[in-house]
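Trainee: I have a new structure on my screen. Can you show me how to read it, feature by feature?

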Amino acid sequence: MRRREALAKLTGREQYVDDLPLDGFLWGMTVRSPAPRGRVTAVRFAKDVDWSQFVIVDHRDIPGANVVALIEEDQPVLAAGYVRHVHEPVLLVAHPSREAVRRAVRAIDIVVAPEPPALDFRLAPTPEQIQYGPDNVLKQLKIEKGDVERALAHAPVIVSGTYETGAQEHVYLETQGMIAHLDGDVLVVKGSMQCPYYVVKALQHALARDEAHVRVIQTPTGGGFGGKEEFPSHIALHAALLALKSGRAVKLIYDRGEDMAATTKRHPALVRHRTGLARDGRLLAQDIEVVIDGGAYVTLSPVVLSRAIIHAAGPYACDHVRIHGRAMFTNAVPFGAFRGFGAPQTQFAGERHMDVIARTLAVDPVELRRVNLLRDGQTTATGQVIRDGTDRLAVMDRALALSHYHEKRDEHPAFNATNDVRRRGMGLAMFYHGAGFTGGGEVALKSRVRVAGRADGGVEVLSANIEMGQGTLTVFTELAAARLGLDPDDVTIAQADTSRVPNSGPTVASRTTMIVGSLVERAADDLRRRVGLDSTARGPTVKQAIARWHREHPGKELFGEASYEKPPGIEWDDKSYRGDAYGAFAWATYVAEVEVDLRTCATRVIDFTAVQEVGKVLNPTLARGQVQGGVVQGIGWALMEECKWREGAMANNQLTNYLIPTSDDVPAIRVDFLENPYPHGAGGAKGLGELPIDGPAPAIVNAVAAATGADPRVIPLTTERLMELMESVEFGVRSAE
Amino acid sequence: MNALSITFTLNGASVRVEIDPADRLLDTLRYRLGLTGTKEGCGEGECGACTVYLDGLPVNSCLIPTYQVRDRRVETIESLDPGALEPFERCGATQCGACTPGVVMTAWWVHQHSEFLQTHTIRELMAGNLCRCTGYDGIVDAVADSLGKR
């Protein structure tokens, strides 16, 4: 089936939040901290502005708790006399003229008495930099399997390595924005978001309103990638505060500069590996330390850290594993959810480290992975027994075959020997991604979905899971139609409006198709039961029964409902970090071919192959598009997307100097799927959305190492960074392989 | 602020608007004339989401003062024939849709000026339109398909 809303998007008819018709409204804007840390000693308003024309809100206007409710209650909606990062919101301003409000923001001076900020998460904080607990550690987590120290002591070979990954900006093409207004005594907030019920929770808490007096509506969302997971709550609160104070509708839309400077990014990370090995490359012990930069408030960093450490050991069997993770407080703009959620950082380190091991032991990187890859019956670092029947070696072998890995690797030395300035190399990465919330997360969410029967016999799917480009509308339509034997045209998907849809959880963690999709299937089953049909009834029979029910129950609502039930045999202990971290993993091997220009040290990915096993592929065009988009986002993270920092804030907050890949920077991405249906996922599907960003960076950097003989450990591997490395590699060195 | 009155041809019809000399064409189209198909992505001519045709050439409307289009011809996404967009639907050229109107405007221009494909690749010609979702394959395939090049 084709994407449901494709034509509306292609013709420009799709209305995003800034496209909605709105009359008599005010434009809102945020006045932000200029300093990374300190006490706000004064707020100065320029004398040449008539401030009576403006609506101005500060922390004293917040009716409830001055807190953006998420995991911890430490982040204020508006700073109350103290700031902890540059761009922290201090005041809100609104006016009918957008230009006037922009000028007004520039005419307000926030004066901060500076205190020493913590700005480098890799360094131990000095006493005067301590601002969270005794040591600025926001969260600490540990995974222990076997006896690492003993295994390391007996290992014939130990290979160590330290790896770093940079922040990444989401660059969803639609910037963040919200509209807030009062409908009687109900506060209505609509806008671009992934998690409508997160916004409800935040509004209730800070505005002291019960659920009946808060209504949140998701508008078509122009990309999210995690950037619209937790941050929209802030904009919703800001727009709402201005609307409550002014009694008018308020529209608050970030321009690109504000969006890049003030919203979240991927957590920077530092990962250290100490690996004990047999001489043939078998893993005997993995000792891994993970440190991520959380920024100035807790936000989602504990959960990102959790996913980071669970994925840190890679898809390999090893009896002795210790992973120690810390999320550090710094006075940086808080880092947040971004596709992959910690796993890309640790899997970059792990897969780059595998190639470092291969080079150290002089073993083939393919064979190193082959001997260590998890077989059915073996366990992950958390002790989860993998027994899904997926042929993981076949995934790797398919990727090697489709990419002509071995042929090209054999040809490259001749190419490199005869070419003065260009060097080619092959690299691979083998990785996995757990789908859905970690551990007991899905149980705690208690997600609910409804499928309503309409008077005309068609059905409507009601969930809080949203479309942001990944295909929710299309996949939910396909699932409901297939379950009931209906034509897709007989299925509608309700707008995610919290006054109508149940809480089916956030649109994150590669959970929408696999987990919420299966609730759609079961709610459809429930609907069929409620109209007196058994599970074999399909198509016209279902339609007629629904229409008949409505004729017999005029004015009544008909719906089937389903709520999350844990698949049997899944056990997780959050205290010991042992057990089944995820209901299912998706598996992949990606292969990159790169060409490096020795004059400029520019790296170009000239061929890329992505093979994965994601359960049943429900919609081939959408699935392929998810992989290709994730790979290209990963190419950007690997090679060019670099946040430049000034006092914990992004200095290059423009698309002019924060570069993302264009169509001409990337090759066609070759995609293939192996399918092993997952019995507990909708239609046999596992999660797919995040997996594709885990693999490109290590595959590409491994390829650069193979091409140049350099040993890069840090991404983004920009031309400047590679040039510095190449200065230590004798020019003319041929491919190390 | 001195309001100026200008006329120009928009999607084939003459329009008159009162503008401020600093107004951007993008804002005039979106907020004054209600043509919200043209999107703002970056506001500095990098992303191409706001692409329109000015006298038949694709331009970033965020960089064009509305005053400059007086007595000239502007076409927006709303002027295109939806019937011509089938390859884009089939090949997965749109995901979130925020870049899409700009992508379609450039792609349609390439389609109408296919002589450029003798000297440039589709990837080169589309490089002024950033997309964060598709990885570009869906877009490149759709352009090739619409040109009968696949």
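Trainee: Is A:Val614 buried or exposed?
Mentor: This model is predicted. To judge burial, count the other C-beta atoms within 10 Å; 20 or more means buried. A:Val614 has 34 of them, so it is buried.

Trainee: Where in chain A does A:Val614 lie?
Mentor: In a loop. The loop runs between strand S24 (602-613) and H16 of chain A.

Trainee: Which residues is A:Val614 in contact with, leaving aside its neighbours within four places in sequence?
Mentor: The list is A:Ala586, A:Phe673, A:Ala685, A:Lys686, A:Leu688 and A:Leu691. A:Ala584 and A:Val614 are 30 residues apart in sequence, and their C-alpha atoms are 9.3 Å apart in space.

Trainee: Now another loop residue. How does A:Ala80 count?
Mentor: A:Ala80 has 14 other C-beta atoms within 10 Å, so it is partly exposed. The loop that holds A:Ala80 is between strand S3 (55-57) and strand S4 (82-83) of chain A. Beyond four places in sequence, A:Ala80 touches A:His59 and A:Asn66. A:Val90 is 10 residues from A:Ala80 in sequence and 7.5 Å from it in space, C-alpha to C-alpha.

Trainee: Which residues of helix H9 of chain A are buried?
Mentor: In H9 (residues 365-372) they are A:Pro365, A:Leu368, A:Arg369 and A:Asn372. Now look down the axis of H9(A). Its buried residues fall within an arc of 95°, so they line one face of the helix. They pack against strand S14 (283-295), helix H8 (343-361), helix H10 (392-402) and strand S16 (422-435) of chain A.

Trainee: Next, pairs of helices. At what angle do helix H16 and helix H17 of chain A pack?
Mentor: Read the angle, then the distance between the axes. H16 (residues 620-639) and H17 (residues 696-708) pack at about 50°, and their axes are 8 Å apart. That makes H16(A) oblique to H17(A). The crossing is right-handed.

Trainee: Which residues make the contact?
Mentor: H16(A) brings A:Val631, A:Gly634, A:Ile635, A:Trp637, A:Ala638 and A:Leu639. H17(A) brings A:Pro696, A:Ala697, A:Ile700 and A:Val701. By class, this contact has nine nonpolar residues, one polar and no charged.

Trainee: At what angle do helix H3 and helix H5 of chain B pack?
Mentor: H3 (residues 100-112) and H5 (residues 137-146) of chain B meet at about 30°, with axes 10 Å apart. This crossing is right-handed. From H3(B) come B:Val103, B:Ala107, B:Val110 and B:His111. From H5(B) come B:Ile139, B:Ala142, B:Val143 and B:Ser146. The classes are six nonpolar, two polar and no charged residues.

Trainee: How many residues of chain A are in contact with chain B?
Mentor: For an interface, count the residues on each side. Here 45 residues of chain A contact 41 residues of chain B. Helix H1 (6-10) and H16 of chain A each supply at least two residues of chain A's side. H16(A) gives the most, with nine. By class, chain A's side has 17 nonpolar, 17 polar and 11 charged residues.

Trainee: Last, the backbone. Which residues does a cis peptide bond join?
Mentor: Check omega. A:Ile715 and A:Pro716 are joined by a cis bond, with omega at about 5°. A:Pro716 sits in the loop between strand S28 (714-715) and helix H18 (719-726) of chain A.

Trainee: What is the phi of B:Asn11?
Mentor: Positive, at about 50°, although B:Asn11 is not a glycine. B:Asn11 lies in the loop between strand S1 (4-10) and strand S2 (13-19) of chain B. With 17 other C-beta atoms within 10 Å, B:Asn11 is partly exposed.

Trainee: And what is the phi of B:Asp71?
Mentor: Also positive, at about 60°, and B:Asp71 is not a glycine. Its loop is between strand S4 (57-60) and strand S5 (73-75) of chain B. B:Asp71 has 9 C-beta neighbours inside 10 Å, so it counts as exposed.

How values were computed
Residues numbered from 1 in each chain as written. Chains lettered and ligands numbered in written order. Predicted model: local features only at pLDDT ≥ 70, side-chain atom pairs only at ≥ 80, totals over all residues. Buried ≥ 20, exposed ≤ 12 C-beta atoms within 10 Å, placed from the backbone. Helix = DSSP H or I, 4+ residues; strand = E, 2+ residues; numbered from the N terminus. Arc of directions from axis to C-beta. Contact = placed C-beta atoms within 7 Å. Axes fitted to C-alpha atoms, helices over the stretch in contact; angles between N-to-C directions. Parallel < 35°, antiparallel > 145°, perpendicular 65-115°, else oblique. Left-handed = near helix turned anticlockwise from the far one by under 90°. Nonpolar A, V, L, I, M, F, W, Y, C, P; charged D, E, K, R; others polar.
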